[in-house]
Amino acid sequence: MKRETVFLKLSVIVLALPILAACIFLLPFLWREATESGGWIANSMRPIIGGMYVAAIPYFIALFKTFNLLGLIDRNEAFSYRAVKSLRVIKYCALVITIIYIATLPFFYWFAERDDSPGFLVIGFVLVFAAFVIAVFAELLQKLLKRAIDMKQEIDLTV
């Protein structure tokens, strides 16, 4: 394992731990609290919590692919089509997360409207835009990497 990627691999692990803890501890607690309170709170919180659980699946897939990408960098295979494929999977995972959170935005709005807390709606928008920015960035890196690989192959053929 190279020193350059050790920090990045640890960062990926640190990114996984809070979401894993939230899925194990926080979200079940919020689900129970919403169910016990009943009424409009339960009706607006259950889809949001469910969306967070569903969004955790592509999140962990993207982190796994990021870890694989760092492994490719360690093995000096960063400029390979496997790296492009990993970036494509990360992009699609981010797009799926974006779609999931867009689907939960009406419930964020409903909760914010009923509870008179507009900041709650901002949380929904932040989740949507953060995932979308990651998807756009992954698409950009994927295209740049594919062009660099194509250029490298063209240069190798001319020499």
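I started with secondary structure and counted 4 helices and 0 strands in the protein chain. This is a predicted model, and I read it as such. From the N terminus on, the elements run α-α-α-α. I then checked the overall spread. The radius of gyration is 20 Å, well over the 15 Å that the globule rule gives for 159 residues, so the chain is more spread out than a compact globule. I also took the extents of the C-alpha trace, which spans about 70 × 30 × 20 Å along its principal axes.

Next I looked up the annotation. The unreviewed UniProt entry places the feature "transmembrane region" at residues 12-31, 51-71, 92-112 and 118-141. I inspected two of these spans. Residues 12-31 are 100% helix and 0% strand, and their end C-alpha atoms are 27 Å apart. Residues 92-112 are also 100% helix and 0% strand. Here the end C-alpha atoms lie 29 Å apart.

Then I turned to packing. I took contacts between residues at least 6 apart in sequence and asked what share joins residues at least 24 apart. The share is 74%. Of the 159 residues, 33% count as buried.

Surface came after that. The protein chain exposes about 10200 Å². Carbon and sulfur atoms supply 73% of that area.

Last, I checked charge. How many positive and negative side chains does the protein chain have? I found 16 positive and 12 negative. The centres of the two sets lie 9 Å apart.

Definitions and conventions
Residues numbered from 1 in each chain as written. Predicted model: local features only at pLDDT ≥ 70, side-chain atom pairs only at ≥ 80, totals over all residues. Heavy atoms only, no water. UniProt positions renumbered as here; feature names shortened; annotations may be inferred. Helix = DSSP H or I, 4+ residues; strand = E, 2+ residues; numbered from the N terminus. Rg over C-alpha atoms; globule rule 2.2 N^0.38 Å. Buried < 20%, exposed > 50% of the residue type's maximum accessible area, 1.4 Å probe, protein only. Contact = heavy atoms within 4.5 Å. Areas by Shrake-Rupley, 256 points an atom, 1.4 Å probe, with all protein chains shown as cover. Lys, Arg positive; Asp, Glu negative; His and termini not counted. Charge placed at Lys NZ, Arg CZ, Asp CG, Glu CD.
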